[in-house]
Amino acid sequence: MARFREALSRPGLAAIAEVKRRSPSAGDLRPDADPADLAAGFEAAGAAAVSILVDERFGGSLADLAAARSASKLPLLAKGFFSQADQLAELRRAGADAVLLLLRDLTDARLIQLIRFAHQLSMDALVEAHDADELVRAVALDTEVIGVNARDLDTFAIDRGAALELVASAPRDRVIVAESGVTARAHGAAAELAGADAILVGSALMRAADPAAKLRELVARPLVKVCGLTREEDVAAAAEAGADLAGFILARETPRRAPAVLPVPDTVLSVAVYVGERGDARSDLAQLYAREDGHRSRDGVLLRGDEQVARVVDRAWQQEDPEHIERARSAEGRIVLAGGLTPENVGEAVEAVRPWAVDASSSLETEPGIKDHDRIRAFVAAAR
């Protein structure tokens with residue numbers, strides 16, 4: 001397995017951090033970008049790989065690739081518009097470990113030739129699809145690393161929802177990269193839960209005052225869920241504090257029952273919480289508990305559509321649970337840690353469990369269903 005694909009195949013969501021000075025859709029992003037400094041910073045911030053635009057339309061060149069190679073040991077992806085074997089050889093000499101190949105610009109036969117040549121050079125190929133037909137082509141051609149781009153290259157419009165459905169439909173035996181439109185942790189989380197192994201982030205990093213710090217923010221775990229929301233002003237407060245998920249309890253046995261799944265900002269994923277039977281409210285995710293003795297079960301599941309994507313490790317209904325943290329620590333897969341978390345203890349719980357997300361509700365209230373905005377801010381800050 002070549003270095004690029006191996007780096008993206010490790011557990012968890014990988015990030016490919018991109019260096020580009022300008023974009024045809026957005027114009028200048030970071031005209032003075034230094035590829036060496038950025039690549040080194042991205043490596044320190046936790047990137048799995050670095051993407052370098054080498055096309056002059058993006059303000060890039062082969063010299064940028066060589067500069068990044070001199071400053072970072074991470075796998076480097078060369079991005080541009082390539083159709084010839086000699087281009088790939090030139091990229092390899094400049095330090096590339098992988099090359100972007102656009103399905104829209106290549107015939108099946110030509111794509112296969114280029115992939116084979118890349119492999120001869122010990123390079124991976126990131127084969128990029130923009131729609132369902134191109135994804136079918138990529139799968140049929142047995143490509144190993146597939147990029148799903150949320151951006152329409154003709155209109156430059158981003159349709160993140162359509163891209164997520166393409167990611168979800170891709171075979172799980174391929175390495176899938178979600179590209180374009182990732183500006184918040186929730187965007188990366190949505191791609192991860194849809195089945196992406198990695199995200200590629202460019203414009204959001206290039207626009208940031210500190211690109212490495214922005215990358216660190218985007219890949220930070222745990223995610224933070226504020227649950228038991230019943231009012232729009234509390235949703236806004238949670239989003240402003242930096243929460244990634246907003247929970248709306250639709251079960252009948254709680255004073256925190258929401259009137260509906262309320263609107264959430266683009267930076268937040270909505271979660272409808274059910275007990276016993278799952279309802280049909282529109283939400284990004286659903287959290288489902290069994291009903292036991294008239295109350296919810298101790299633990300639940302997080303669902304994307306009909307697929308379980310995480311386990312919710314919670315406490316027994318209104319009871320002490322001395323084994324709570326230990327059960328969470330020993331659980332496998334993505335864990336949402338819930339039950340008894342407060343701004344005062346969440347940091348210690350995160351250190352002990354290393355969960356994918358943390359979830360709090362009653363500890364952030366002035367009364368059932370009414371949030372204390374200072375407590376929300378304190379909880380988010382402590383969880384980070």
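The structure is a predicted model, in which local features need a pLDDT of at least 70 and side-chain atom pairs count only at pLDDT 80 or more, whereas totals for chains, interfaces and linings use all residues. Residues are numbered from 1 along each chain as its sequence is written, and side-chain values use heavy atoms, with hydrogens and water left out.

The protein chain contains 14 helices and 20 strands, where helices (H or I, at least four residues) and strands (E, at least two) are DSSP runs numbered from the N terminus. Its radius of gyration is 22 Å, close to the 21 Å that the globule rule gives for 384 residues, so the chain is as compact as a globular protein of that length; the radius is taken over C-alpha atoms, and the rule is 2.2 Å times the number of residues to the power 0.38. Along the principal axes, the C-alpha trace spans about 70 × 40 × 40 Å.

Of the 384 residues in the protein chain, 56% are buried, a term that denotes under 20% relative accessible area, with exposed meaning over 50% and partly exposed in between (1.4 Å probe, protein chains only). Among contacts with a separation of 6 or more, 58% are accounted for by residues 24 or more positions apart, a contact being heavy atoms within 4.5 Å. The chain exposes about 16,500 Å², of which carbon and sulfur atoms supply 46%, as computed by the Shrake-Rupley method with a 1.4 Å probe. There are 47 positive and 61 negative side chains, and the centres of the two sets lie 2 Å apart; Lys and Arg count as positive and Asp and Glu as negative, while His and the chain ends are not counted, and each charge is placed at NZ of Lys, CZ of Arg, CG of Asp or CD of Glu.

Helix α13, which comprises residues 346–353, has Val346, Ala349, Val350 and Val353 as its buried residues. Seen down the axis of α13, these fall within an arc of 100 degrees, so they line one face of the helix, the arc being that of the directions from the helix axis to the C-beta atoms. An α-helix has 3.6 residues a turn, so residues three or four places apart point the same way. The buried residues of α13 are covered by elements that include α12 (324–330), β17 (335–338), β18 (357–360) and α14 (373–383), whereas the face turned away from the buried side carries the exposed residues Glu348 and Glu351. Just after α13, arginine 354 takes a positive phi of about 55 degrees; this residue lies in the loop between α13 and β18 and, at 57% relative accessibility, counts as exposed.

A positive phi, near 65 degrees, is also found at serine 122, a residue other than glycine. Serine 122 occupies the loop between α5 (108–120) and β7 (124–129), and its relative accessibility of 47% makes it partly exposed. In the loop between α10 (211–219) and β11 (223–226) lies proline 222, which is joined to arginine 221 by a cis peptide bond with omega of about 10 degrees.

Arginine 22 belongs to strand β2 (residues 22–23) and is partly exposed, with a relative accessible area of 30%. Not counting residues up to four places away in sequence, arginine 22 touches Gly27, Asp28, Leu29, Arg57, Phe58 and Gly59. The C-alpha atoms of arginine 22 and valine 261, which are 239 residues apart along the chain, are separated by 39 Å.
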